[in-house]
Amino acid sequence: MNYLEELNAPQREAVTYTDGPMLIIAGPGSGKTRVLTYRIAYLMEQGLDPFSILSLTFTNKAAQEMRERITKIVGEQARSIFMGTFHSVFARILRVEAPRLGFPSNFTIYDTVDAKSVIKNIIKSQGLDEKVYKPNNVYYRISAAKNDLITAQQYANNPDLIGEDAASGKPKLSAIYSLYSQKCFENGAMDFDDLLLNFYRLLKLFPD
């Protein structure tokens with residue numbers, strides 16, 4: 001296990017700790033990625049099944065680099081690790097589990113352009129002023145809510161959010177969010193933010 005010799009004492013402690021959950025807090029350039037990579041390799045060397053490891057990253061590049069580093073230590077079994085970005089991993093799981101939420105397994109994933117187009121059509125169909133309800137702004141408002149794990153129904157029942165919209169002169173934002181969610185559901189589609197929100201809903205509703 002020569003790779004352990006590359007680590008300082010706190011890093012080595014984090015890599016070799018196996019007695020339960022652990023939170024690593026460190027600044028930029030402190031070797032967090034190296035620690036996480038070596039920790040996965042170490043756990044596999046201790047006999048942990050790679051199929052039981054889930055590693056989430058913010059970029060595909062980071063995931064690829066981590067897998068390559070782990071492969072150099074433990075070999076080809078590193079390919080069995082469930083590793084990727086939050087969006088890519090959640091999408092893979094939802095492809096199997098989405099029917100539990102009423103979506104087809106082959107659901108469409110809307111990119112930003114698709115999502116804004118649907119929102120723009122909703123604004124038009126509701127006879128709203130596009131200069132007030134700018135599709136870009138509406139999209140980002142909905143996106144922010146989803147990233148806070150707030151569904152359209154929860155949004156509509158949140159007096160603080162409704163008050164903010166009214167104060168900004170856009171009292172129909174909640175209705176647009178609701179119609180947008182309905183349209184996505186009817187079309188068997190999820191946008192990028194839905195991958196996060198619906199995965200959370202899946203775990204919440206079906207903990208098994």
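The lining of the largest pocket in this predicted model comprises 14 nonpolar, four polar and two charged residues, where Ala, Val, Leu, Ile, Met, Phe, Trp, Tyr, Cys and Pro count as nonpolar, Asp, Glu, Lys and Arg as charged, and the others, Gly among them, as polar. A pocket is an open set of points on a 1 Å grid over the protein atoms alone, where a 1.4 Å probe fits, with protein on both sides within 12 Å along at least five of seven lines, and lining residues have an atom within 4 Å of a point. Helix α2 contributes the most to this lining, with six residues, and Lys 32, Leu 36, Ser 55, Leu 56 and Met 66 lie nearest the centre of the largest pocket.

| Pocket | Volume | Lining residues |
|---|---|---|
| Largest | about 680 Å³ | 20 residues |

The lining of the second largest pocket divides into eight nonpolar, four polar and three charged residues.

Helix α2 (residues 32-45) also meets helix α1 (residues 9-16), their axes coming within 8 Å and crossing at roughly 40°, which makes α1 oblique to α2 (angles under 35 degrees count as roughly parallel, over 145 as roughly antiparallel, 65 to 115 as roughly perpendicular and the rest as oblique). Gln 11, Ala 14, Val 15 and Thr 16 of α1 make the contact with Val 35, Tyr 38, Arg 39 and Tyr 42 of α2, contact meaning heavy atoms within 4.5 Å.

Residues are numbered from 1 along each chain as its sequence is written. Local features need pLDDT of at least 70, side-chain atom pairs count only at pLDDT 80 or more, and totals for chains, interfaces and linings use all residues, while side-chain values use heavy atoms, with hydrogens and water left out.

Definitions and conventions
Axes are lines fitted to C-alpha atoms, for helices over the stretch in contact, and angles run from 0 to 180 degrees between N-to-C directions. Helices (H or I, at least four residues) and strands (E, at least two) are DSSP runs, numbered from the N terminus. Grid points are joined across faces, edges and corners, and a volume is the space filled by probe spheres set on the points.
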